[in-house]
Structure formats: C-alpha cells, structure tokens
Amino acid sequence: MRSLTNSVLGQRNIITPVEYYDGFGAVYNAISVMNSKSACYFKFPKKQNGGGSIWDFAATCFFFEELGLNVSNCAGNNLQLNNANSTFMNEEGVIYATDQILARFILDLSSHHSS
C-alpha cells in the first residue's frame, strides 16, 4: 500500500490523501472498494487479452448495483458480461467507484488514456 496526495484529486473534491493498492485480483479489489468510504478500482481498455474475465466481475458488479454504487465500463456504460467473442474484459475496461464524483474522474482519465 502506498499513500499519495494529489492536487488534481483535491481540486475535484475527492478526499486526499489517496491510498493506492496494487497486486491483488479483480474480486478482492472490487470488494475492497465496496467496503471503503471513498475508493475506486479500474482497469483501462487495452488491445491484449487479459485484464480479468467476465466471471471475475459478474458477482461484484451485481453487489455494486444492489448497493447503489458505481460500476461501468470505461465508456460509462454497463459492463458487457455476456460477450460471445471473448471472456476477457480488456476491450472495454472496468470502473468500480463508491461515489459519482470519483467515477466521473476515472471516466475522464479513461477518455485521455491510450492503450
């Protein structure tokens, strides 16, 4: 775990300092977000296969929806959990966030991200 303070996040009314975690799996990351006051987990789209499979995100997506938390792909749409072409989520990415401001911030980052 690393703690970061970022003036950009502060300007966006997002609580700082930010705790940054890496190295865990998709399910653990999503559940950790769900159990936090202000948190997010995201994976930007990429061309290579990987980045978690549909089954890594199906249950946690359901939990987030039932709790009224933010979950979407990196275009702001519902996760496509029924893709006939691939089990991977790499083409659309994922965003899990505890609040709308944080979700919008990550969506904005995603729109500027290139694979």
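Two residues are said to be in contact when they have heavy atoms within 4.5 Å of each other. In this predicted model, local features need pLDDT of at least 70 and side-chain atom pairs count only at pLDDT 80 or more, while totals for chains, interfaces and linings use all residues. Residues are numbered from 1 along each chain as its sequence is written, and side-chain values use heavy atoms, with hydrogens and water left out.

Among contacts in the protein between residues at least 6 apart in sequence, 64% join residues at least 24 apart. Of the 115 residues, 34% count as buried, a term that stands for under 20% relative accessible area, with exposed meaning over 50% and partly exposed lying in between (1.4 Å probe, protein chains only).

The protein contains four helices and five strands, arranged along the sequence in the pattern β-α-β-α-β-α-β-β-α; helices (H or I, at least four residues) and strands (E, at least two) are DSSP runs, numbered from the N terminus. Strands of a sheet pair through backbone hydrogen bonds, either parallel or antiparallel. Here an open sheet of three strands shows the order β3-β5-β4 with antiparallel pairing, where pairing requires that DSSP finds at least two bridges between two strands. Its edge strands are β3 (40-43) and β4 (70-72), each of which pairs on one side only, and the twist averages 5° from one strand to the next. Four bridges join β3 to the antiparallel strand β5 (residues 94-97), and K43 stands opposite V94 in β5.

Helix α2 (residues 26-34) lies across β3 and β5 and runs at about 145° to β3, whereas helix α4 (residues 100-112) lies across β3, β4 and β5 and runs at about 155° to β5.

Leaving aside neighbours within four places in sequence, the contacts of L79 include F57, V71, M89, V94 and Y96.

Key:
Axes fitted to C-alpha atoms, helices over the stretch in contact; angles between N-to-C directions.
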